[in-house]
Amino acid sequence: MNRFKLFIPLIIFVVLAVFLWRGLSIDPSYLPSALIDKPVPAFALPELHKPERVVTDKEFAGEPYLINVWATWCPSCRIEHPYLNKLAEQGVKIVGLNYKDEDEPARQWLTNYGDPYHTTIVDKDGRLGLDLGVYGAPETYVVDAQGIIRYKHVGVVDERVWRSKLAPLYNK
Amino acid sequence: MIPEFGQLSLIIAFLLAVCLSIIPMAGSYNGRLVWMASARSLTAGMFVFTALAFAILTWAFYTDDFSVKYVANHSNLVLPIQYKISAVWGGHEGSLLLWILILAGWSLAVSVLSRNLPLDVLARVLSVMGMVAVGFFLFIIFTSNPFDRILPNIPHDGGDLNPLLQDFGMIIHPPMLYMGYVGFSVVFAFAIAALLSGRLDSAWARWSRPWTNSAWCFLTIGLALGSWWAYYELGWGGWWFWDPVENAAFMPWLVGTGLIHTLAMTEKRGVFKNWTLLLAIFTFSLSLLGTFLVRSGVLTSVHAFASDPTRGVFILVFLAIVVGGSLSLFALRAQEVKSTSGFDLLSREAFLLANTIIFIVTANFVLLGTLYPLIADALGIGKISVGEPWFNTFFVKLMAVVAMLMGVGAMLNWKKTDYGRIKKWQIPPLLISIWLGSFLPGVFEGSYSVGAAIAITLGSWVLLASIWDVRRKISKSATAGAGLAKLSLSYYGMIVAHIGFGVCLLGTSLNTIYSDQRDVRLTIGEPLFAAGYEYELLDVTRTRGQNFFADVGDVIVRKKGKEITRLRPQKRQYFSGGNMMTEAAIDAGFFRDIYVALGDELDNGDWAVRIHFKPVVRWIWLGAIFMALGGAIAIADKRYRVRKKVTKQVHSEGVEKATEVTEGTEDLGKVQ
């Protein structure tokens, strides 16, 4: 038994090496598009500003909108925030998904930097994020009037991304 | 022609490394002294030719030789000279060459400074380092040749060094970090040599300790520099991001911290020999793993080099050989190395072991978090990453336990402690730190923070316990001066490093809790109040640097109407294109930093400005400097100096063999 104990580090390393080997053939920047052209997964989650209110996927149907995944721990979210404010001013409907975050700092953030969101959903344990296939924050989804996901953008949304990728689908 | 000479010297260095990895090792088995003694000259040769290759690449940058592909990709004519030189390690190929140069440098240092090592030990150690070098030479020569040419159409001008890297931080951060990373190869080589010979005594630990400590010091400084650089260069005011590559450098530090402590116990008490060996292997393996993560493209990171699957495969195979080989060797040979003495639960050993285990657990958590996206993806769970909150949650708790145990453990005796005698030295610092912890958070603005109370209690506990321990040590002497003079340098090293840890703990936690950051809109000439200060943007002017245009803001900061400082944050557009770069302006202070970064110009001529108020942020790096200084003081301890009689025996082959008589009296552990 004592003898076996000494082999444990080696065994752990072999398992790790197998994963690293698999990792080489996976492209980390490739993201699955499994949900593209599928409906938004059903959810019932609290609202950030009124935690007692439950928001469901049903209430956004009827017009296209964006789902923006953000968190206060995400530096890139701060980069895109001013641009989201600008979009909201132009009348774009953005649903915020506050992902794996704390409520109080998140509210503080929206007070400090402005609130571009029509509604902010709290996804504290990342359940909806998991259903959506969220890879990290920020991410932005384009959902059409029928509640079908049309596009997923990973990373900061800026003028260029909006013009070239999101706007054509959003306006369709 | 000159770059071809560079390639030639790389190949010569490679061949010397091959000889180094075989001949002295073989000599240590067949007992031929000439074979063993060749280790020194082969090491010197390897270093000289690697340095030559490095110098030639530097020359290519200096003379703007854009026929060399690597130079063309990482430099251009208008790049300031200091960045042309540091651009040598601004990309994958050149930084790999720096890696190898530093490895050869450490090998040379071992061969020059270890004149008192038995020849067979030295031969094995250098051979193992030669084997590591062989792997890296193969890697650079076959997959990442920095001397590749673009012929016949030589570009007239190069691309550019990434503007983020055009900074003082880039000049010193990578070399320091690599000194640390690669420096752990020395203790790794010592561990492999010990496993091969089955000889792991306190003399072994004494030889490897200074090397491990110095590598650890370099890594500490390297990490602190990286954090400081990110803080002022990225424009976010953040000093740690749990980015995969940061983690890759942090894991060897965590395990290395455990290693320097188990080494101390192995040397002084002859215990935890297997732990020491295993940690020596782990530390260096994690350095290699870091190299793999950064250069293979398996993870997305801000630091990652342009990835190439063949490179990934190569390093993974190399990693499998080195780590798999050394862990197999450990599994087969480790039981022959036995610990010789036991200890009580209330002893320094027990507390050190507990903290070492916490450091290993922490490193494992970091490893898991770093590799989680990759593991989840490979298992088909999906593309998931864990993010900062996950890292922070476990890290803060584990380090809190470390801080608690550290204050108690450092005061305990080896083997067994009569707690009644220690108690009166531990109660006062404990009470004072609890008092400080509960009192101070109430003094600061804003609501009372329990987190800050705990952090201050723990931080002051580490600091005060160290100070009280010094007081206890000198209490038996007639005068304080006499008592202080009696204490050994390694003891001072420990105290300084522990104080550094406490300062760093206070800096990181209080900065996290009390930082204030906001994005504001500044109208020129209209002051704005934020966090007790008044900011006024006087104007924004356009200037030209050597290779960029910049908008420079002129911001006056006042407190209670009195001018405190004038800050000039910049936004740069480099001629070579690419993104706007933010150069934050910082008013640094011992208790707080004021950090101003210029954002975009808004439609009506106002400017978006990011203002940060960063309390005690300097303590983070100050703490790191203290830790490294502590390590350096410990290395200077005379125990590691040549205080031994050396008898020289001249052998028939004409090779001198040094048989040494070390001072073994202070070692309680039995020499096997």
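1. In this predicted model, the C-alpha centres of domain 1 and domain 4 of chain B are 43 Å apart. The domain bounds, taken from an automatic or database assignment, are 1-161 for domain 1, 174-305 + 315-331 + 341-417 for domain 2, 432-514 + 620-640 for domain 3 and 516-618 for domain 4 of chain B. Local features need pLDDT of at least 70, side-chain atom pairs count only at pLDDT 80 or more, and totals for chains, interfaces and linings use all residues. Residues are numbered from 1 along each chain as its sequence is written, with chains lettered from A and ligands numbered from 1 in the order written.

2. Contact (C-beta atoms, placed from the backbone, within 7 Å) joins 6 residues of domain 1 of chain B to 5 residues of domain 4 of chain B.

3. In chain B, an open sheet of 4 strands runs in the order β1-β10-β9-β8 with antiparallel pairing. Strands are DSSP E runs of at least two residues, helices H or I runs of at least four; pairing takes at least two bridges. Its edge strands are β1 (516-522) and β8 (585-587) of chain B. Strands β9 (592-601) and β10 (607-615) of chain B share 8 bridges, and Arg592(B) faces Pro615(B).

Methods: Two residues are in contact if their C-beta atoms, placed from the backbone, lie within 7 Å.
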